[in-house]
Structures are given as structure tokens and as C-alpha cells.
Amino acid sequence: MIHKKLDKFKSDFLWGSASAAYQVEGAYNIDGKGLSIWDTFSELPGTTYEGTNGKVAVDHYRRYKEDIALMKELGLKAYRFSIAWSRIYPNGRGDINEKGLEFYDNLIDELIANNIKPIITIYHWDLPQYLQDLYGGWESREIIDDFNNYCITLYKRYGDRVKYWVTLNEQNVFILLGYKIGIHPPKVQDDRRMLKANHIASLANAKAIESFRQYVSNGMIGPSFAFTPNYAYTCKPEDVLARENAEDMNCHWWLDVYCFGNYPAFALSRYEKEGIAPEIEDGDLELLERGKPDFIGINYYRSETVEANSIDGISNFEEINTSGKKGTSKDYGIPGSFKTIKNPNLDRTNWDWEIDPTGLRIGIRRINSRYRLPILVTENGLGEFDKIEEDGSINDDYRINFIRNHVIACKEAITDGVELLGYCTWSFTDLLSWLNGYQKRYGFVYIDRNEKDEKDLKRIKKKSFYWYKNVIATNGEEL
């Protein structure tokens, strides 16, 4: 629908930014922190862009007060950050590291003192290495209790001050890249193991949500999902069916479990026929039913377009562009179900991600119509090459245009009737991009470092910083 006038954002709309512990904190072995799977994975030759790692990252662990002062200057209403599990439990279980708890106490208190609401992400991919070695991490049901115990520790410590919580960040991404494509830890390429680990992660998510309601009053909790809505390439019925297949396998497979407590029929039937469906034990569905979220967090960067794929068609999975050389990613498909194809109506970033603000509106509406839950945009942003000019300025108009158009899409979705809690950009400062190093920059604040040289890690405000500051000050009225 084309609206004559768009609704205003509510006065308590959460204008925010987001980050992840491994990507910003550094201090990987400081103050009692244990190793995570990313600390060890990044040491393996050829796993990350130019061998980059999070040992120092952007040194947020030591510079959090400086960063929060910049957040206050920007006017942020919320800051979404993740807690490093191995900073709290160095081995993922057993002894608690009090210094780790104190760091996040200080971070939370500093945010609140500056009128910024903290949003905690409990798990953003950095599983304690000890648990991976002990029982295979997400492939063992032992992790359900270990994760729940870790969550309860956080609820009891921070639940009096933090009222917005995200359980698992992008379960679909860390499962697919870790267990199907094998480019994230634990470097597995096995569909059966992927679906097993995914089911266990869903159970851990539900158990954590169930426990939340025993320990945190007046709070909201939910997972964040990397949402990539699918389009049919043409109106041919076989392409429309391909879109339905892709939506079931790439979206509903996770969101239906979160919100309905069961799997979509098509995808489950397909996996059962292949003999790789997850084993559903007694009590699993009941736990999933009890652990439904209060909201859905969505991380939106792109849409995807699909067409019919023959039974002997494309079978390779996505080859991801991690270099920033535009045009190096490749289409992928599942024989008999769907295959991707470039959308001729959309431009792409240098990392081959479709730029599609309307896709955010479409995606928000699809989720709202299917699940009838509030939505929080937990990530949205543009990763690009940024340049410091001779006068010291950073003119990232491309980022301003990208975010402006996505904020407009949020406003349109609200006018469509969606309950949208807030909008968090990715990210506040530049940070380590997992496989892309430091060259892929997302922040409003430039960090002066590169893959080979930490330099002085100076914080430099980009043009987008001042633009977003005005957006927040006018509650999205001046874009």
C-alpha cells in the first residue's frame, strides 16, 4: 500500500546500535577469560581474511567509557551488546569468573548513567572452547543445561537493570556456516549433524526463555534471526513454488520452531525422506511450546530471489564473498526445491548483498502476519570501504542513504500496522567482521586500524554519525 502520510515513531522507540563481544572487546585472555571457539578457530591458517582475529579487536574492553561517551553524544536510546560466555564461565561451566561479571556490571551501569538502555545478547557465536572439546558443543544435549545455567547467572546478576534480552544471535547463520558450509567453527560439512545441532540449539533457546520468566520481571526476551525474505523470480507457478520452498527451508524452519514450537511440514517431510531429520525426543516439543519468545529480533541486510531448480539442478551451497570484490559470490540451490538468481531490479554492495529497503518492510510484515509478535530490528547496516580524507573527514553518504531508506521502510511497516519496538544499526563503531577482517566497515565511528596494524585505535566520527544523531533527536522525522 502507498500511504498518503506515514505514522510517527512512538516516543519510546528504541533507536540503537549493536555489536558482539568477540568483534569489539579484545582482551581475549585478560582478567580470567577463557578461550572461545573463535579464539582458536581464527588461529587456523586460511580461516579468516588475512588472518585477522579478535585478540585486540577495537579494544572496547578497555575503552568502553570512551565509546559510551560517543554513544551519548550521538543520542543513542539503546545499545545491544553480547556477553562473552567464556568471560563469565572460562570453561563454560563450573567456576564463575567474578571479574568478567564485574566488567558487564560496569558497562551496564555506564550505559544507564548515560540514559542508554542496555540490550543483552546472551550468545553471539563465541562458544567456550572447553565445551566444544568436552562434548562437541551444540551437537550434545549437555549444552542445554550448561547454557541455561549461564543464562540464569546473567538473569540474576543483571535482570534488575536490563529488561531487553536476546537469547541466540542468528542461530541459522552459526549453524549453517559451522555445520553445512564449514567456514565457521567447528568446520563441519554434514547435513545430518547440522540439523541435530540446530535442534539442540532450539531446545537451549526455549529452556533459556522459560528460565527468564522465573528470574526477570517486566522484561522481554527473544532470539534474533538473520532474516532474508525470498522473492519469486517470475510469476510462473514453478517459481512461486520455489519461493515457498525457500521460505520454508531458510526462514520458517527456525521461526516456526521459535514461535509455534514445531517445524514446518514441507521442510520436515523433506528431511525425513532424506533420513537426516533431527531426532525429536519425548518432551522436546513441550519444551519448545513453553519457550516461546516475547518478540522476534531480526537482523536484516538483504533479500534473496529464487526460481525453480530441477531435480538434477544446482546443488552447491552459497560461495560467500569475503574479499569485497564485487561479483565473486555465486548462486546456490537445493535440487528439486529452489535456486537463487540475481534480482535485476536491485543493486548490490561490494560484498554482493542486495540493497533492498522494501525487503525490510516486506519481511517485517510477513513475520508480523504469521507470528503476531512485536519485532525489534536487532541489526541493519552497510558494510563498505571507508576512506579518511585529507582533512580528516569520512564522507560515507552511501551509508546515510542506505540507513535512511531502511528507516523509511520501518516507518512504512509501522504505518502498515506492525508493532516495531526499535531499530538497531550494525554497528556503532567499526569492528572485526568475522571472515572479512577490518576492511568491511559498518560503524558511525571509524576505528583507525587495519588488518596488519592496530595503530592507535583512534575513534573518528563519520558523516553518518552526525546524520543519525539528528534522526534520533527528531525521532525519525528528519531523514
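The protein carries 61 positive and 72 negative side chains, and the centres of these two sets are 3 Å apart. The structure is a predicted model. Its secondary structure consists of 15 helices and 14 strands. The radius of gyration is 21 Å, close to the 23 Å that the globule rule gives for 479 residues, so the protein is as compact as a globular protein of that length.

**Overall build**

- The C-alpha trace spans about 55 × 55 × 45 Å along its principal axes.
- Of the 479 residues, 62% count as buried.
- The accessible surface comes to about 18,500 Å², and 48% of that area belongs to carbon and sulfur atoms.
- Taking contacts between residues at least 6 apart in sequence, 76% join residues that are at least 24 apart.

**The annotated active site**

- The UniProt record, an unreviewed entry, places the feature "active site" at Glu379.
- Glu379 is part of strand 11, which covers residues 375-379.
- Glu379 has a relative accessibility of 4%, and it counts as buried because this value is under 20%.
- Beyond its neighbours within four places in sequence, Glu379 is in contact with several residues, among them Arg80, His124, Asn169 and Glu170.
- The contacts of Glu379 also include Ile298, Asn299, Tyr300 and Tyr301.
- Ala18, Cys424 and Trp426 are in contact with Glu379 as well.

- Thr121 lies in strand 3, which runs over residues 117-123.
- With a relative accessibility of 0%, Thr121 counts as buried.
- Leaving out residues up to four places away in sequence, Thr121 touches Arg80, Phe81, Ser82, Ile83, Val166 and Asn169.

- Leu107 is found in helix 5, residues 98-113.
- The relative accessible area of Leu107 is 1%, so this residue is buried.
- Residues up to four places away in sequence aside, Leu107 touches His60, Tyr64, Ile68 and Phe81.
- Leu107 and Thr305 are 198 residues apart in sequence, and their C-alpha atoms are 41 Å apart in space.
- Asp146 has its place in helix 7, residues 142-158.
- Asp146 is buried, with a relative accessible area of 9%.
- Not counting residues up to four places away in sequence, Asp146 touches Trp85, Gly92, Arg93, Leu131 and Tyr135.

**Backbone exceptions**

- Most residues other than glycine have a negative phi, and most peptide bonds are trans.
- A cis peptide bond joins Pro185 and Pro186, with omega at about 10°.
- Pro186 sits in the loop between helix 8 (171-179) and helix 9 (191-215).
- Another cis peptide bond runs from Trp426 to Ser427, with omega near 10°.
- Ser427 belongs to the loop between strand 12 (420-426) and strand 13 (445-447).
- Arg372 is not glycine, yet its phi is positive, near 55°.
- Arg372 lies in the loop that links helix 13 (357-371) and strand 11 (375-379).
- The relative accessible area of Arg372 is 61%, which means that the residue is exposed, as the value is over 50%.
- Lys455 also has a positive phi without being glycine; the value is near 50°.
- Lys455 is located in the loop between strand 13 and strand 14 (459-461).
- At 45% relative accessibility, Lys455 counts as partly exposed.

**The start of the chain**

- Lys5 is found in the segment before strand 1 (14-18).
- Lys5 has a relative accessibility of 68% and counts as exposed.
- Lys5 and Val445 are 440 residues apart along the chain, and 33 Å separates their C-alpha atoms.

Conventions: Residues are numbered from 1 along each chain as its sequence is written. This is a predicted model: local features need pLDDT of at least 70, side-chain atom pairs count only at pLDDT 80 or more; totals for chains, interfaces and linings use all residues. Side-chain values use heavy atoms; hydrogens and water are left out. Helices (H or I, at least four residues) and strands (E, at least two) are DSSP runs, numbered from the N terminus. The radius of gyration is taken over C-alpha atoms; the globule rule is 2.2 Å times the number of residues to the power 0.38. Buried means under 20% relative accessible area, exposed over 50%, partly exposed in between (1.4 Å probe, protein chains only). Contact means heavy atoms within 4.5 Å. Accessible areas come from the Shrake-Rupley method with a 1.4 Å probe; for residues, only the protein chains shown count as cover. Lys and Arg count as positive and Asp and Glu as negative; His and the chain ends are not counted. The place of a charge is taken as NZ of Lys, CZ of Arg, CG of Asp or CD of Glu. UniProt positions are given in the numbering used here, feature names are shortened, and annotations may be inferred rather than shown by experiment.
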